[in-house]
Amino acid sequence: MPVIRADPHLGIHRLVEIWWQYAGVAANLDAMNVEVRTITADDWSLLRHLSLRALADSPDAFRTTLAEAEAHPEHFWQQRAKGSAPILVTVEDGRGVAMGGAFTPPDSAVADIWGMWTAPEARGHGYAAEILTDLVNWCRDRDLGVRLHVTEGNEPARRLYVAHGFKPTGMWEPLREGSALRVEELQLVK
């Protein structure tokens with residue numbers, strides 16, 4: 001199989017389309033209605049839905065449990081949706097299929113990327129890479145360092161982060177209190 005070189009002027013959807021066409025799959029991503037957008041206060045129910053779906057699908061990828069998230073009142077989701085840092089979602093044919101956000105603690109020069117998740121039926125389309133790139137660019141535009149955490153054993157996520165320039169810091173901590181799983185901190189190397 002020949003190497004397909006990424007042209008920085010091509011969008012991720014076009015690159016995926018080229019790959020699928022070469023692989024002999026008749027994929028036409030242009031026919032899909034795909035949009036990456038920033039969550040606003042009006043989108044709080046979409047954020048809640050995607051977050052709960054992510055926690056149900058991948059409970060060991062997040063510090064919060066599904067039960068904790070389900071217990072949050074509407075006000076919590078409305079406040080999170082209108083925060084000052086972006087939460088991005090990929091909407092495919094009218095339904096949310098991927099998400100990720102950034103958070104900058106007060107008086108910090110480093111932002112945390114959190115909540116990265118793609119629905120099982122949408123994996124392999126490059127949505128996580130697109131969201132991660134947009135979040136990293138948002139941080140760079142503000143001269144912020146960037147870090148994130150990945151659960152041990154989540155090799156697909158770790159490969160994505162390393163491919164985007166993140167390196168292990170050597171710091172590990174429990175996923176959550178009482179969990180045998182640990183999360184590894186990765187920091188973007190400029």
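User: Which residue does Arg63 meet in a salt bridge?
Analyst: A salt bridge needs a side-chain nitrogen of Lys or Arg within 4 Å of a carboxyl oxygen of Asp or Glu. In this predicted model, Arg63 has such a partner at 2.8 Å, N to O. The partner is Glu173.

User: How many residues apart are Arg63 and Glu173?
Analyst: Arg63 lies in the loop between H2 and helix H3 (66-71), while Glu173 belongs to strand S6 (residues 166-174). Helices (H or I, at least four residues) and strands (E, at least two) are DSSP runs, numbered from the N terminus. The pair therefore links distant parts of the chain, with a separation of 110 residues.

User: Which pLDDT do side-chain atom pairs need in order to count here?
Analyst: Residues are numbered from 1 along each chain as its sequence is written, and side-chain values use heavy atoms, leaving out hydrogens and water. As this is a predicted model, local features need pLDDT of at least 70, totals for chains, interfaces and linings use all residues, and side-chain atom pairs count only at pLDDT 80 or more.

User: Is Glu173 buried, partly exposed or exposed?
Analyst: Buried means under 20% relative accessible area, exposed over 50%, and partly exposed in between (1.4 Å probe, protein chains only). Glu173 has 31%, so it falls in the middle class: partly exposed.

User: Where is Glu121, the salt-bridge partner of Arg53?
Analyst: The closest N and O atoms of Arg53 and Glu121 are 2.8 Å apart. This pair also links distant parts of the chain, 68 residues apart, with Arg53 in helix H2 (residues 44-57). Glu121 sits in the loop between strand S4 (110-118) and helix H5 (127-141).

User: What is the N to O distance between Glu35 and Arg37?
Analyst: Glu35 is partly exposed at 38%, and Arg37 is partly exposed at 26%. Their side chains meet in a salt bridge at 3.7 Å.

User: Which residues does Asp43 touch, leaving out those up to four places away in sequence?
Analyst: Asp43 is in the loop between strand S1 (34-38) and H2, and at 15% it counts as buried. Contact means heavy atoms within 4.5 Å. With that sequence limit, Asp43 touches Arg37 and Thr38.
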